[in-house]
Amino acid sequence: MDKLVVRGGNRLSGRVKINGSKNSALPIMAASILGDGPSVIENVPRLRDIRSMLSILDSLGVQGCHRDDGSVTLEPVDTSKNVADYAQVRTMRGSICVLGPLLAKRGRAVVSLPGGCVIGVRPIDLHLKGLRELGAKISIERGYVVAEAERLAGAEIYLGGAFGPSVLATANIMMAATLAEGETIIDCAACEPEIADLAKFLNAMGAKIEGAGSPTVVIRGVEKLAGARHCVMQDRIEAGTYMIAAASTGGEIIMEDANPAHLGAVIDKLRLAGVSIEKANGSLRVAGSPPYKAMDVTMLPYPGMPTDLQAQMMALLTVSDGISVVTDKVFPDRFMHIAELNRMGADIRKEGPSAIIRGVERLSGSHVMASDLRASAALVLAGLVADGETEVHRVYHIDRGYERIEERLSKLGADIHRAEDDET
Ligand code: EPZ
C-alpha cells in the first residue's frame with residue numbers, strides 16, 4: 001500500500017490540463033449496456049474507479065478496453081448476463097448506475113446493494129422508487145436488488161429526496177426511460193452537468209431526451225439504441241481541487257480545459273475570499289495570496305457549491321483570517337477529515353451538519369489517514385501549506401478520483417512523492 005509524502009511551503013506555478021470527468025464517465029460507460037453495438041467514449045481519465053467500472057461491465061458481458069489515447073471502447077457481447085455481484089459493487093458505490101440500463105435492456109437486473117459509506121448513509125430509495133414507477137417489479141433479496149420488467153412504461157416521476165435531487169438516481173431513471181414505452185417526465189431531477197453530458201451520449205445513441213441539466217427532464221422512449229461515440233466533459237471537481245491548491249499555496253497556475261461555466265459557485269466563493277481568477281481562451285488563471293478572509297460556505301446540489309469540494313475548501317479555511325462555518329446540506333455527516341486536519345494543528349469543531357473553523361497561523365506536518373476520496377485530496381492540500389513533512393496514509397482513496405496527482409503537483413512545483421507505506 002502507498003502513502004504520499006508532502007513537504008509544505010512551495011508556491012504552485014505553471015500549467016495543468018484538467019482531465020475528463022470521473023462522475024460523468026461512470027454513468028456513460030454504464031449506458032453502453034443499452035446499445036446494440038460498440039460505443040467509443042473519449043477523454044476517460046485513468047482512475048481506479050474507471051477500472052472498477054470496466055471490470056463490472058466485463059462481468060455483465062460488455063467487453064471494454066481503455067486505449068492509450070484515453071478512449072474506452074465498450075461492446076455488449078453477451079446479453080444473457082444480469083448480475084452485478086457484491087464483490088464488484090462494494091469496490092465502488094457508483095456501480096449502482098448499471099441497474100437502470102440492465103433492467104431496461106435485458107428485462108432483469110440483480111445488483112448488489114452498495115452498502116455503507118464513510119461520507120454518510122447513502123440509501124437508494126429514490127432509484128427504486130423511480131424504477132417502480134416505470135413499472136418494474138423490485139424486491140430486495142439477500143443483499144441484492146432484484147428488478148424485473150418485460151418492458152418499462154413511461155411515467156411522471158417526482159425524484160426529490162430529503163437532501164434534494166439525487167445525481168445517480170436521475171441518471172438511472174433517465175437511462176431506463178430511454179427504452180420504455182411512451183413518455184417519462186422526471187421532476188426534481190438533478191441538474192449536475194454530468195447529467196447533461198450523459199443525456200448527450202444517450203441522444204447520440206438514438207434516445208429522445210430533452211431538458212437534461214434542468215429540474216424537469218422529458219424522455220420519449222424508443223424501441224432500440226445503437227452504439228455511439230462521445231467525448232466526456234472536463235472534471236469540474238478536479239479543476240476545483242487544483243484551484244484551491246494554487247490559492248492555498250499563494251501560487252499562480254493556468255488550468256487548461258477547465259470549463260468556467262461549471263464552476264460558477266466555486267469561482268464566486270474563491271473570489272470572495274480574495275483569490276484572483278481570470279478566464280482566458282478555454283483556460284483559467286488562478287492566483288492567490290493567503291491568508292484569506294474567513295467565510296461561511298454551504299454545500300448544495302448543483303449549481304450550488306459542490307459537496308465534493310467541501311473538504312478541500314475546509315483545508316483552505318483552516319489558515320484563514322477569522323471564524324468560518326462550512327455546512328454540508330448534501331452529505332451532512334461528511335466530516336471524517338476534521339480529526340485529521342486537527343492533527344495538523346487546525347482548530348475545527350463539528351456542530352451538526354456544520355463545521356466551525358477558527359483560522360490558525362499555520363499548520364504543521366504530521367501523519368494523517370485518508371478516509372475517502374475528497375478527504376484525501378484535502379489532506380494533500382493541507383500538507384502543501386504545512387510546516388515540515390506530512391505523510392498521507394491509505395492514498396488508494398485518492399487514486400480513485402485523481403490521476404497521478406503527485407506527478408502533476410510536482411510539475412507545478414510541489415514537493416510531494418509517493419512511497420511504499422510500511423505503517424498501515
Ligand atoms: C454523486 O453521488 C457523486 N458520485 C458523488 O461524488 C457526489 O458527492 C454526489 O453525487 C452529490 O453531488 C458519482 O457521480 C459517481 P446523490 P450520488 O444521490 O448520486 C441522498 C465523489 O467524491 N439520497 O446525489 O450517489 C444521499 O444520501 C462522489 O466523486 C437519498 O436519500 O449522490 C445524499 O444525501 C462522492 N436517496 C443526497 O441524496 C437516494 O436514493 C445526494 O446524493 C439517493 C440519494
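# Exercises on a predicted model

Helix α4 (residues 99-106) packs against α6 at an angle of about 15°, and their axes lie 7 Å apart. Keep in mind that this is a predicted model. Let's work through some exercises together.

## Exercise 1: α4 beside α6

Task: Describe how α4 and α6 are arranged, and find which residues meet.

Solution: 
- Step 1. Two packed helices are described by the angle between their axes and the distance between the axes.
- Step 2. For α4 and α6 the angle is about 15°. Angles under 35 degrees count as roughly parallel, and α4 and α6 are therefore roughly parallel to each other.
- Step 3. Next comes the handedness: α4 and α6 make a right-handed crossing.
- Step 4. Now look for the residues. From α4, L99, G100, P101 and A104 take part, and they meet N172, M175 and A176 of α6.
- Step 5. Sorted by class, this contact of α4 with α6 holds five nonpolar residues, two polar ones and no charged ones.

## Exercise 2: α5 beside α6

Task: At what angle do the axes of α5 and α6 cross, and which residues make the contact?

Solution: 
- Step 1. Find helix α5 at residues 125-133 and helix α6 at residues 167-177. Their axes come within 8 Å and cross at roughly 20°.
- Step 2. That angle makes α5 roughly parallel to α6, and the crossing of α5 and α6 is right-handed.
- Step 3. On the α5 side, the contact is made by L126, H127, G130 and L131; on the α6 side, by L168, A169, N172, I173 and A176.
- Step 4. The residues of this contact of α5 with α6 divide into six nonpolar, three polar and no charged.
- Step 5. Look back at Exercise 1: N172 and A176 of α6 also meet α4.

## Exercise 3: α10 beside α12

Task: Work out how α10 and α12 pack, and how many residues of their contact are charged.

Solution: 
- Step 1. Helix α10 covers residues 310-317 and helix α12 covers residues 373-385. Their packing angle is about 20°, with the axes 7 Å apart.
- Step 2. α10 and α12 are therefore roughly parallel to each other, and α10 passes α12 in a right-handed crossing.
- Step 3. A311, Q312 and A315 of α10 make the contact with R374, A375, A377, A378, L381 and A382 of α12.
- Step 4. Seven of these contact residues are nonpolar, one is polar and one is charged.

## Exercise 4: Around the ligand

Solution: 
- Step 1. There are 22 residues around the ligand, and D125, L126, S166, D308 and V330 come nearest.
- Step 2. V330 places a polar backbone atom 2.6 Å from an oxygen atom of the ligand.
- Step 3. In N23, an N or O atom of the side chain is 3.1 Å from a ligand oxygen.
- Step 4. At P123, a polar backbone atom is 3.3 Å from an oxygen atom of the ligand.

Conventions. Residues are numbered from 1 along each chain as its sequence is written. This is a predicted model: local features need pLDDT of at least 70, side-chain atom pairs count only at pLDDT 80 or more; totals for chains, interfaces and linings use all residues. Side-chain values use heavy atoms; hydrogens and water are left out. Axes are lines fitted to C-alpha atoms, for helices over the stretch in contact, and angles run from 0 to 180 degrees between N-to-C directions. Helices (H or I, at least four residues) and strands (E, at least two) are DSSP runs, numbered from the N terminus. Angles under 35 degrees count as roughly parallel, over 145 as roughly antiparallel, 65 to 115 as roughly perpendicular and the rest as oblique. A crossing is left-handed if the near helix is turned anticlockwise from the far one by less than a right angle, and right-handed if clockwise. Contact means heavy atoms within 4.5 Å. Ala, Val, Leu, Ile, Met, Phe, Trp, Tyr, Cys and Pro count as nonpolar, Asp, Glu, Lys and Arg as charged, and the others, Gly among them, as polar. A residue is near a molecule or strand if one of its heavy atoms lies within 4 Å of it. A polar contact is a pair of N or O atoms within 3.5 Å; within protein, one must be able to donate a hydrogen and the other to accept it, and residues adjacent in sequence count only if both atoms are side-chain atoms.
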